[in-house]
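Thank you all for coming.

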Amino acid sequence: MIQRIQTLYLFASLVIIAMIFLVPIAHLTYAGEQFVTFRPTGVYDDFAGTLTLSAIPVVILISVILCIYIAIIFLYKKRIIQARLCMINIVLLAGLIILFIYHLVFFMNRVPGVDYSLGLSFIFPPIAIILTFLAFRGSRKDEHLVRLADRIR
């Protein structure tokens, strides 16, 4: 299981996506002062420390993605299913990026004159997409190798 490179790619993706909960996605400023932080659980007011806008779909999607990563890692003997789940996870990660952008734009439209700076968490899903694609390619290569060995016998 661990000796396969795609398992390492998948584990790295799992850790990267789990880190989204620790690092803010974006900071929104108004007139040069930071006043709102966008986290996966919602948009928080920095002065009052209260939740301004809830982002429950983001939390649900991240949780589903993490569960699929765990399932993919333990399905190392079923390479075809592993490859299919990798592609499903890539689509879900693309949806997560779209959801991030949607919530950011939605809040910026509610409060005019807001400037934003993206946090480190915004680049985690594209990195996870690349790593998941590499794991997909490795699973497909392993399956091709097994079929080739079966044909030779």
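I will speak about the salt bridges and then about the pocket.

This is a predicted model, in which local features need pLDDT of at least 70, side-chain atom pairs count only at pLDDT 80 or more, and totals for chains, interfaces and linings use all residues. Residues are numbered from 1 along each chain as its sequence is written, and side-chain values use heavy atoms, with hydrogens and water left out.

How many salt bridges does a search of the whole structure find? There are two, where a salt bridge is a side-chain nitrogen of Lys or Arg within 4 Å of a carboxyl oxygen of Asp or Glu. In one of them Glu-143 pairs with Arg-79, with 3.0 Å between the closest N and O atoms. Because Glu-143 lies in helix α4 and Arg-79 in helix α3, this pair ties together parts that are 64 residues apart in sequence; helices here are DSSP runs (H or I, at least four residues), numbered from the N terminus. Glu-143 also meets Arg-147 in a salt bridge, again with an N to O distance of 3.0 Å, and so Arg-79, Glu-143 and Arg-147 are linked in a network. Glu-143 is buried, at 13% relative accessible area, where buried means under 20% (1.4 Å probe, protein chains only).

Turning to the pocket, Arg-79, Glu-143 and Arg-147 are among the residues that line the largest pocket, and helix α4 gives the most to that lining, with six residues. A pocket is an open set of points on a 1 Å grid over the protein atoms alone, where a 1.4 Å probe fits, with protein on both sides within 12 Å along at least five of seven lines, and lining residues have an atom within 4 Å of a point.

Technical notes. Helix = DSSP H or I, 4+ residues; strand = E, 2+ residues; numbered from the N terminus. Buried < 20%, exposed > 50% of the residue type's maximum accessible area, 1.4 Å probe, protein only.
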